[in-house]
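I opened a new page for this structure.

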Amino acid sequence: MQTDIYYRDITRTENLEAYLLEKVEGACEEFFKFDSGAHLTVRVETDRHRTHARKPSYTCEVILKPTRSRGVIKIRKSDESFKRALMKTVDSLKSVLRKRSGRKQDHHRRDPMLSFSPTWEELEMTTVAS
């Protein structure tokens, strides 16, 4: 697993990097068990000139490139609080990975007999025959 973190208009500290790695890699750890060669890119930036009140707005973007499939997962969230922006991104990443996992498990595994509901005539025929 390869993880890259890019900062823009944010001071890089060891604590910030450890926090980002803990949250983002923690959300993807089940995914990385089966795809150890995946590439994870995290971009964190501040948009302070885009708001009317000149309050900083933080943007967190996560790009996940699996090795076995061509689909790339890209999530970008922003908020006035850095931690809320990160948590929104992590929650979205978890839900996308959960949906992808669920689709793979259900792919071509639908049993037609599970949705079978007999009619009254069929039930009467089985009771008469026995």
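I take helices (H or I, at least four residues) and strands (E, at least two) as DSSP runs, numbered from the N terminus. The expected span of a helix is 1.5 Å times one less than its number of residues. This is a predicted model, where local features need pLDDT of at least 70, side-chain atom pairs count only at pLDDT 80 or more, and totals for chains, interfaces and linings use all residues. Residues are numbered from 1 along each chain as its sequence is written, and side-chain values use heavy atoms, with hydrogens and water left out.

**Helix 1**

I began with helix 1, which covers residues 14-34 and has 21 residues. From its first C-alpha to its last it reaches 29 Å, close to the 30 Å expected. Where does helix 1 bend? I found a bend of about 55 degrees at C28. That bend is the angle between axes fitted to the seven residues ending there and the seven starting there.

Next I looked up burial: buried means under 20% relative accessible area, exposed over 50%, and partly exposed in between (1.4 Å probe, protein chains only). In helix 1, the buried residues are L16, E17, L20, V24, A27, C28 and F32.

**The core**

I then looked for a nonpolar core, a set of buried Ala, Val, Leu, Ile, Met, Phe, Trp, Tyr and Cys residues joined through side-chain atoms within 4.5 Å. The largest one has 22 residues. L20, V24, L40, V42, L64 and L93 have the most contacts inside it. Helix 1, strand 2, strand 3, strand 4 and helix 2 each supply at least two residues of this core. Which element gives the largest share? I noted helix 1, with six residues.

**Salt bridges**

I counted a salt bridge when a side-chain nitrogen of Lys or Arg is within 4 Å of a carboxyl oxygen of Asp or Glu. The structure holds nine.

One of them joins E14 and R12, at 3.3 Å from N to O. E14 is exposed at 56% relative accessibility, and R12 is partly exposed at 44%.

Another joins E45 and R76, at 3.4 Å from N to O. This pair links distant parts of the chain: E45 is in strand 2 (residues 39-47) and R76 in strand 4 (residues 73-79), 31 residues apart. E45 is buried at 14%, while R76 is partly exposed at 49%.

I also looked up E61 and K74, whose closest N and O atoms are 3.6 Å apart. E61 lies in strand 3 and K74 in strand 4, so the pair ties together parts 13 residues apart in sequence. Is E61 buried or exposed? E61 is buried, at 5% relative accessibility. K74 is exposed, at 56%. Salt bridges that share partners join R8, R43, E45, E61, K74 and R76 into one network.

**Rings**

Last, I checked rings of Phe, Tyr and Trp (its six-membered ring), which pair if their centres lie within 6.5 Å; planes under 30 degrees apart count as stacked, over 60 as edge-to-face and the rest as tilted. I found one aromatic pair. The rings of Y58 and F82 have centres 5.8 Å apart and planes at 80 degrees, so the pair is edge-to-face. Y58 lies in strand 3 (residues 57-65) and F82 in helix 2 (residues 82-106), so the pair ties together parts 24 residues apart in sequence. Y58 is partly exposed at 21%; F82 is buried at 17%.
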